Amino acid sequence: MAAPSAGVSRPAMKRWLLVVLLGLAVLVLLAPGLIGMLAERSIERQLELAGQQQPELDVRTVRFERGWFTSDGRHRLPLTDPAVADLLCFVTPGADDPAAARVLILTTRIGHGPLPVAGADRGMAGLVPALATGVSTLELELDDGRRLPVPGTLLTRVTLTGTTTLDYRLPAGEGRREDFSAGWQQAAIEAAVSADGRRVDFRVALDAAVIEDGAQRAAVDTLAIAGRSEPTAWGYALGGLRVEVGAGTLNDGSSQVGWQGLAVVANADAAGSSVAAGLDVAVDGMATAQGDWSLRLDAAARLDGDALGPLLRGLQRGLANGGGLAPYTGIEADALRLAAAGGRLELPGFALDTPRGQVTAALDLALPQRDAGGGWPGIALGANARAELVLPRTLLQEPALREQLQALLAGGFLVPDGDNYRLQASLEQGIATINGAPLPLPLQQL
C-alpha cells in the first residue's frame, strides 16, 4: 500500500475534505436567499429605469413574495400603445376588441441560487450563471374585468452582471379579424437589457406565416429580425436593424410575385458630433410574369447629430398621432436646419437586374455647413454632387416605360452610350452639368 504523501497526513486530508463539504453545504443553503435579495433589487431597478426612459411603460408590482429558493411575483403593465394591444388581442383567443384590452398581467415563478428552477432551462441559455431565472405566464385583462390567457411563456434571466434577458415563445396558432387572417408556426422573441437599462438587443424568429387580407395572400417560409438600440446625448436612440425574409409569395388575386430571399440591414451610430448611418438591401430571385428580377442597394449617410434630433422627434410625433407627416408642420424648417449643418449622402451601389438587362445608379452628395438663413437656394449653392444612371436599351423597348421616360430622352438627359442610355450629372458651386452641358438652376423657386 502506498504511503501518504510527504507533509500531508491522512487526518489532515480528511479535515480539509470536511471543510470543503461544509462550505458547499453553506453555499447551497445560504446563497439562494442572498441571491434572491439581489435579484429582487435588480428587478426593481430595471422597472425603475424602464419607467424613467419610457414613461408609458408604467409597470406596477401587484405582489412579490420572496422565498429562500424561489419567489413569486405578479406585475401589471397598462397597454397604452394601440399597436401592442392590437397584436396581443390578435394572438389571444377570445380577445376580439383591442380597444377593450387594458392591462397585461405577468405571473412569475422565480428561482434563485445554484439550484435551477424546474422547467426554466431553454437550451444552452439555462447553463449561463444567473442571479435569478423566472418563468412567466401572461394574461390579458379586459375592461369588463375578464382575464384571458395569452399563449406562450416568457423566460427571464438576471445574469451576474445585472443584464436582464427575456425569451418569449409563441406556439403555432392562427387569428382572424373581419377580412384579415393569419396563421403562423412557432415564434421566438428574445431581448437583452443592460444593467443600466440603456442598451437593448432583440431578436425575432418566425418559422413560417401566411397572411390573407381580402383577395391578397402573402406567405413566407422564415422571418428573422435582429436589432439593437442605445440612447445618445442628443435625446434619441441609435442602433441597428437586420431583417431577413426567406422564400415567399404575394398573390393579389390577379397576379403572383415570388422571391427566394430578402435582406435589409440598417445601422446608425454616433461618430463624434455626427450620426453615421448605412443601409444595405438585397432581393434575390423575384419571379414575376415578366421574368426574374433581383436588387442590390448600398447607401451611407453622415448627418449632424444635434440637428437631426428635431426632425426625428417631429416624425415620431406625426406617426404617433396616426397622421403620418401631415400633422408635422415644421418639417421643412427642421430639414433646412439639418441640411445647413452639413453632411454627406452616398449611394455607391445600386443594381437592378431585370429580364431586359441591368439598371445601375450612383450618387454622392456633400453639403458643407451653411447659414440656414440663406434658405434652400443657399444650400444648393454650397452643395457638391455627382450622379449617374445607366439604363439598357432593351429595357426601353417596354412601351409603358419608354412613354414615362420620353421627356428625359427628348431633353437630352438620357443619351445613347453603346447598348445603354446614360445620364451623368454634377453640381458644383451652384452650377449644374448634365452630360457635359450646363443647366441653369431655378434657385429663385427653391
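Trainee: Is Arg-199 buried, partly exposed or exposed?

Mentor: Keep in mind that this is a predicted model. The relative accessibility of Arg-199 comes out at 30%.

Trainee: Which residue meets the side chain of Arg-199 in a salt bridge?

Mentor: Look at strand β13 (residues 223-231), since the pair links distant parts of the chain, 31 residues apart. Arg-199 itself sits in the loop between β9 (187-193) and β10 (200-206). The N to O distance is 3.7 Å, and the partner is Glu-230.

Trainee: How many residues apart in sequence are the parts tied together by Asp-143 and Arg-102?

Mentor: Their side chains meet in a salt bridge at 3.8 Å, N to O. Asp-143 lies in the loop between β4 (130-142) and β5 (147-159) and Arg-102 in strand β3 (residues 101-112), so the parts they tie together are separated in sequence by 41 residues.

Trainee: What is the N to O distance between Arg-146 and Asp-144?

Mentor: Arg-146 is partly exposed at 41% relative accessibility, and Asp-144 is partly exposed too, at 47%. Their side chains form a salt bridge. The N to O distance there is 2.8 Å.

Trainee: How many salt bridges does a search of the whole structure find?

Mentor: Besides the pairs above, there's a network of salt bridges linking Asp-167, Arg-169, Glu-190 and Arg-203. For the whole structure, the search gives a count of 18.

Conventions. Residues numbered from 1 in each chain as written. Predicted model: local features only at pLDDT ≥ 70, side-chain atom pairs only at ≥ 80, totals over all residues. Heavy atoms only, no water. Salt bridge = Lys/Arg side-chain N within 4 Å of Asp/Glu carboxyl O. Helix = DSSP H or I, 4+ residues; strand = E, 2+ residues; numbered from the N terminus. Buried < 20%, exposed > 50% of the residue type's maximum accessible area, 1.4 Å probe, protein only.
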